[in-house]
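I opened this entry to note down what I looked up, one topic at a time. The structure comes before the notes.

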Amino acid sequence: MNKKILNVINKYEGLKGSAIPILQEVQEIEGYISKDTIREITEHTGIPSAELYGIATFYSMFRLKPQGRHIIRVCKGTACHVSGADNLASMLRTLLELPAGENTTDDGRFTLLEVACLGCCSLAPVIMINEDTYGKLASDKLAKILDKYE
Amino acid sequence: MMIKEIKVGMASCGLAAGAQAIYDALETSLPESVKLSKTACIGFCYAEPMLETVDDEGVSRYYGYLTPRDLEGFGKNEPPVKKLIISQKEEAPGNKKLARQVRIATRNSGMIDPDDIEQYVAREGYKALEKVLKEMDPQSVIDEVKNSGLRGRGGAGFSTGLKWQFAHDAQGDKKYIICNADEGDPGAFMDRNLLESDPHAVLEGMAICAYAVGADEGYIYCRAEYPLAVRRLKKAILDAMDKGYLGDKIFGSDFSLKLKVKEGAGAFVCGEETALIASIEGQRGMPRLRPPFPAQSGLWKKPTNNNNVETYANIAWIINNGAEAYAAYGVGKSRGTKVFALAGKVKESGLVEVPMGTTLREIIFDIGGGIKDDRPFKAVQLGGPSGGCVPEELLDTSVDYESIAEIGAIMGSGGMVVMDETTCMINIASFFLNFTQNESCGKCTFCRIGTKRMLEILQKIQAGEGVLEDIDKLETLAEQIIASSLCGLGKSAPNPVLSTLRYFKNEYLAHIEEKRCPAFVCKDLISFEINEEACTGCTLCARKCPVNAIEGVAKGPHTIDQDKCISCGACFDACRFNAVLRT
């Protein structure tokens, strides 16, 4: 087992309510939570796999599939919505050639996520790519922005 | 005047708008005689990136809309006059905006460096905690909060003092306090601003509360989507422990308090207090039946007091200035001030703190500067997914818990999203319902399935396939969901539909009977064509079209391939000759 993951589990040994922080830190290390990882956490902590899986599927930040190299977050907050966020999202899907139901590109370059609110409503509509924020966007600017990320 | 100090606004909005680049550039270019520091959010988000200058006479001036080109002037003591937003000395466009506000919860926002505890202390910081510990017993603290009239700022509006009384009166050797910083309403960012701009004000409020109710341990449950807030909170806790404002035997008393930050994992329902408690305990965040209320049996089944960020941020001010001073603001049963996040189609979006009883019109037009592009106002959405849309004829409604509830919206946490004629009210209702439907934890059947059915009906109407009976079905479902849901999420989920049905029924009828979307939003009901006579062949629309659906040669008329067109409207917005027709 990955040593880093074992360290995380040991750090929380005996502490109440640690299932969520363990999963958060494991995801930080591996990028997502795999079935094998869930099994291993169960083995070491005794927290039932069903409970871990229940938590991982309940909270939106947990990912059960590997992610692309760059994460695109399209803000779907109210202010962005009234400023045309839907157009941005569908344009991004077209540009990334994502089939319905998929959110990671075949080449593993991008993962497209829709998030509730990034909290910079005055810049609506907003997307974030990794840590970079792009505000007051129009859909014809997207292609150029995507080109910056290899 | 000589500029002595420059403070760059570095909260999320500022950073998103490029404040870091401004700071870095100033760091290398400013002469040594000018001190450079950081502050957070002054609330004028529309003008970010912003900075404040303080001159040798101590006069503050705020400059906005900055670009790297403006910076040279600051170094030469010639700041760009055109970009002056607020000034303590001369007239500036933002002065009036600020004058209409009363800043209590946001008293330090944008004034201090949130990472520097000394700056908080210099502005009466932790004085209230000291006073409470040295001069007041827990009951008199609770009485003071009761007398201030402060009510829960997370939206429900329950009396804070009374809540504290319940937790105080509950039997138990171990008690907890919680700060709900799981600000999940899309379009609301008041709490994020408070945590990023003045974390110590929240910590001090929590410490006073812990003393009053008899708790020695507390949690701040913060959205993981707010990484900057989490980082600043964690630093603030360490600094406060270092200085002895948190930890063991605070100010030499017998009172000790340990605070921890718990990061949420992305679930809107965790804003509900019993779900939040379940989440801190490491479970799925599902609400449970109340009673027992958390004041009796909360975290780990111990008596627990839970308040929102903004509620706690008011406490120290109330103790320092007295309950009467706080209660002097407001109307009726809503006392004090409230912070709102003003966004959407308003010219000057940002955070504003106003006394309760200010009207919606004053907030949107006097403080927010009116509607973008001077279009007609259509509605303002209050309270996020649990709230409602307020039409123009009710703009003079006073903003207080009772008046807002009366018109079918809720005060909520303070999100205020302004909409103009380009917003379709059915689209908005379905936007919110889609949100609540996604976030429903699934425990109550009507919330889980009913919201889904309502959403499907709205989508049918938007696709032009609605029938009049659908309106009745929506109303029936709404009634059933409200009656049979356990928590606030389900009980309020139908509100956006009900309030748009109440005030904008005409739009529903236009979609159903005329198969027409008056706001030109619903894609199945609109189409675009080019008037060949008006088209000059400038090719702008063809270049803007994201799906290459427009064909034509330069200086010749263009046409839209209807099979390719996705009705996004980019050509309509781009055309300078009104040659694109929208039907």
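I counted two residues as in contact if their C-beta atoms, placed from the backbone, lie within 7 Å. Helices (H or I, at least four residues) and strands (E, at least two) are DSSP runs, numbered from the N terminus. The model is predicted, so to speak of local features I need pLDDT of at least 70, and side-chain atom pairs count only at pLDDT 80 or more, while totals for chains, interfaces and linings use all residues. Residues are numbered from 1 along each chain as its sequence is written, and chains are lettered from A and ligands numbered from 1 in the order in which they are written.

Chain B overall. I found 24 helices and 20 strands in chain B. Its C-alpha atoms fill a box of roughly 85 × 65 × 40 Å along the principal axes.

The sheet. I looked up an open, mixed sheet of five strands in chain B, ordered S13-S12-S16-S14-S15. Strands pair here if DSSP finds at least two bridges between them. Strand S13 (350–355) and strand S15 (388–391) of chain B each have a single partner strand, so one side of each lacks a neighbour in the sheet. S12 (337–344) and S16 (415–420) of chain B run parallel, joined by four bridges. Ala341(B) has Gly415(B) in S16(B) as its bridge partner.

The helix across it. Helix H15 (360–367) of chain B lies across S12, S13, S14, S15 and S16 of chain B, at about 135° to S13(B). Axes are lines fitted to C-alpha atoms, for helices over the stretch in contact, with angles from 0 to 180 degrees between N-to-C directions.

The interface. I noted 36 residues of chain A in contact with 45 residues of chain B.
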